[in-house]
Amino acid sequence: MLRKTESGSPSRLSRRDVMALSALGIVALGQRTAMAAGADGQLTWAVHVSLAPTWFDPAETPGIITPFMLLYALHDAMVKPMPDKAAAPCLAESWKMAPDGLSYQFTVRAGAKFHNGEPVTAEDVKFSFERYRGTSAAMMKERVKAVETPDARTVNFVLKEPWPDFLTFYSSASGAGWIVPKKYVEKVGDEAFKKAPIGAGPYKFVSFTPGVELVFEAFDDYWRKPPTVKRLVFKVIPEEATRLAALTRGEVDIAYSIRGELAEQLRKTPGLTLKAVVIQGPYWIYFADQWDPKSPWHDQRVREAVRVAIDHKAISEALTLGFSPITNSIIPENFEFFWKPPPAVYDPKKAKELLAAAGFRSGFDAGDYYCDSSYSNVAEAVINYLQEAGIRVKMRPLERAAFYAGYSQKKLKNLIQGASGAFGNAATRLAAFAVKGGAYAYGNYPEIDELYAKQEAELDVAKRTELLHRAQQYIHEHSVYAPIWQLAFLNAHGKRVGESGLGLIKGHAYSAPYEDVTIKK
Amino acid sequence: MKHYIIRRVGYSLLSLFLLSLTIFLFVRVTGDPASLLVEPGASQADIDSLRHQFGLDEPMWVQYWLFVRSFFTGDLGQSFYYRVPVLDLYFERLPNSLLLAAVAMAMSLVIGIPSGVLAAVRVGGFWDSAGKLFTLLGLSLPSFFIGLLLILIFTVTLGWLPSSGSGTIAHLLMPAFTLGWYFAAAHMRLTRSSMLEVLGSEYVKLARLKGLPEALVIGKHAFKNALIPVITLAGINLVVMINVAVVVETVFAWPGIGRLLYEGVTFRDFPVVQTVVVIGGSMIILVNLLVDILYALIDPRIRLES
């Protein structure tokens, strides 16, 4: 029986060790446990969340990114984000929008097959759209008048009115464009489909044990290329330290979500590689009372003081090992129509000057700072910097659901540390956070509303881009928000992994596309 | 006796009703599950659509009525998170919890009872002090700490045992020991105090005066009687172990009911939390009812007094 010494070389156990362990009855076991990651042609993931069978069915895709962890293996979409493009042709060979913006025509890829060998047809595309009942279903179906299938490889989506964001929702913000086999689903029914799903993705379903593991096997007829790894195994390990232990020991090859000190530990462990993935989740401080003339936040100089008082880079270093980029925007940088603002500035002296100019030479008691309690570590860091500048705030951490309920019901006051990981593009984000009537907008600026209204009716991409850029520029110049960072999701892989797939697709938190994942030779 | 049983069954049903009402209200106090099933910043329309799908837009009393009715129809609804029938989830996890609880219980009895006897026989001696330390640590160390410590030693450092999961006996050892230690400590304490009480009784003194060997006095006369309260406690503990191994199952990714409950709480999966709590509560109520009836059968004073 061997163990590793500090130098890494194996050594024999001491008699004392054996005695101590004998007392626990462990030595009597006399066996080493099989290593899951030892088999050739297999990679094992330690995932941080419980996998739900509902994620095997694109029709039920909720508004969270997690199901896409599995969809990228099991299924394929007409158009989806890929390493080279945010909207890459997949099961659709090509598509075109009608000049009046009232219809989109897709051509189904020749030779694309489902796992049961049947070809992907236009009927499957229509069926999958109509069957979709996920988060954005109501909105999409309200705007789509009809889905026509003139032949086996042509699908026309006819819209009631021009909708410039149709492709954004169809390709990335919903599960409506992920295709399931119509004949098979109709034959077995929805429930049986979730138990034995068939898709057109690079991996076939093998088995699923709820709460334990999920196994996929390579589908050699996948249209893009046959996957190089034969089997994928996803093991659910909810505890972060246990995931790291499993990775260290080689029980798993890739581990999701290893944060803080454990990530630091991981970085120092030989043979393990830390892979940070920047997700589409910017964080910011929102000045909820900026429209109240009596509030100090009404003064743009005070809002600017907050922006320059925070050392964004230091916070990113301390909490995410510097992997969370300082994008200085509330729009994710990988989103369509993103406007790149000037870099964030950390200038505590200027913060004090701005406050003095606004009449707060000795600083001021600035009231409450609301945040989602799971990110109170970010809030603590920010508050420390504000304190240094003379802006004295009290942290009010709220449990996540309560926080977002309060935020959207506009019950929170003063300063709100917000974030969003919702799908979409710059326009959809502005609609929620900056435009009059937005779900999280506590007030509005007519200039932004006007730009937003214009872009909504604009089909010319260049003109639309310009309008949306101007709206983002306005937000930046008027310090409507004080952006903090765009969150990085810290993952890791072991030494057997060649290409982990982590970070290949911008904004995607998990390994993908799976057909690109490799084991080292 | 008949009246006694009817009254006890009545109390049990009342307890069950109160439990169902309490858990129904408590899970709803924790917040809206719809907001956890969308990304932060999702539109109100998306959140409303989920609330409608889960029936959370119905008035509270309608939701409670549907919940109570579900227990009579046997259809406890679908998990919000897994979107599969809750009972399917429960019965998939139950064998794992039974296995873990059985092994942890066996460990706790194998460790707890002999050490309790030894501590009672050698009061104030080395084994008694060692037993006290063992008890103190078992009862006071949080199970997540013990679990992570074991992983650090046996997985990371020695590489002998798998960190997590299920399927082999090696997977079972660390979670069973982590869960069993607390109960071993409880069993040890009770065995010790029970043994001390019995050892001081008149009939043990008589046995000693008769000149019986000490091993026979302890093993035959004292131990058997001292064991009765320990076995009663172990029975109730077994039910508790099945239902509350939340932390242990989470640390070791053991797919039991405790983890199901943890997932239910994390995602505010009301049907899951309600089902796990009500079934777990029902088990405890049922065990107590059976114990009450058995006591009454054995000791007529109990049924006459009540």
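# Exercises on a predicted model

Helix 7 of chain B has a kink of about 35 degrees, centred on B:G180.

**Exercise 1. Compare the span of helix 7 of chain B with that of a straight helix of 31 residues, and state how many of its residues are buried.**

Solution. 
- Step 1. Helix 7 of chain B covers residues 169-199.
- Step 2. At 1.5 Å a residue, a straight helix of 31 residues would span 45 Å.
- Step 3. Between its end C-alpha atoms, helix 7 of chain B spans only 39 Å.
- Step 4. The place to look at in the model is B:G180, on which the kink is centred.
- Step 5. Of the 31 residues in helix 7 of chain B, 23 are buried, and the helix is mostly covered.

**Exercise 2. Describe the overall build of chain A: its helices and strands, its box and its buried share.**

Solution. 
- Step 1. Chain A holds 16 helices and 18 strands.
- Step 2. Its radius of gyration is 26 Å, close to the 24 Å that the globule rule gives for 521 residues, so chain A is as compact as a globular protein of that length.
- Step 3. Along the principal axes, the C-alpha atoms of chain A fill a box of roughly 75 × 75 × 35 Å.
- Step 4. Of the 521 residues in chain A, 57% are buried.
- Step 5. Take the contacts in chain A between residues at least 6 apart in sequence: 68% of them join residues at least 24 apart.

**Exercise 3. Give the strand order of the open sheet of 10 strands in chain A and identify its edge strands.**

Solution. 
- Step 1. The order is 10-11-12-3-13-18-14-17-15-16, and the pairing is mixed.
- Step 2. Strand 10 (203-209) and strand 16 (391-398) of chain A each pair on one side only, which makes them the edge strands.
- Step 3. Strand 10 of chain A pairs with strand 11 (residues 213-218) of chain A in the antiparallel sense, over 6 bridges.
- Step 4. One bridge to locate joins A:T209 to A:E213, the latter in strand 11 of chain A.

**Exercise 4. Work out the surroundings of strand 3 of chain A: its burial and its pairing with strand 12 and strand 13.**

Solution. 
- Step 1. Strand 3 of chain A (residues 42-47) has 6 of its 6 residues buried, so it is largely enclosed by the rest of the structure.
- Step 2. A:Q42, A:T44 and A:A46 point one way from the strand, while A:L43, A:W45 and A:V47 point the other way; all are buried.
- Step 3. With strand 12 (residues 231-236) of chain A, strand 3 pairs in the parallel sense over 6 bridges. A:W45 has A:F234 as its bridge partner there.
- Step 4. Strand 13 (residues 254-255) of chain A also runs parallel to strand 3, joined to it by 2 bridges. Here A:A46 has A:A255 as its bridge partner.

**Exercise 5. Is A:S128 buried or exposed, and which residues is it in contact with beyond its neighbours within four places in sequence?**

Solution. 
- Step 1. A:S128 is in helix 3 (residues 122-131) of chain A.
- Step 2. Its relative accessible area is 3%; buried means under 20%, so A:S128 is buried.
- Step 3. With those neighbours left aside, A:S128 is in contact with A:A176, A:W178, A:I179 and A:V180.

**Exercise 6. How many disulfides are found over all chains, and are A:C90 and A:C371 buried or exposed?**

Solution. 
- Step 1. A search of the whole structure finds 0 disulfides.
- Step 2. A:C90 has a relative accessible area of 1% and is buried.
- Step 3. A:C371, at 0% relative accessibility, also counts as buried.

Definitions and conventions
Residues numbered from 1 in each chain as written. Chains lettered and ligands numbered in written order. Predicted model: local features only at pLDDT ≥ 70, side-chain atom pairs only at ≥ 80, totals over all residues. Heavy atoms only, no water. Helix = DSSP H or I, 4+ residues; strand = E, 2+ residues; numbered from the N terminus. Expected span 1.5 Å × (residues − 1). Bend = angle between axes of the 7 residues up to and from the residue. Buried < 20%, exposed > 50% of the residue type's maximum accessible area, 1.4 Å probe, protein only. Disulfide = S-S within 2.5 Å. Pairing = 2+ DSSP bridges. Contact = heavy atoms within 4.5 Å. Rg over C-alpha atoms; globule rule 2.2 N^0.38 Å.
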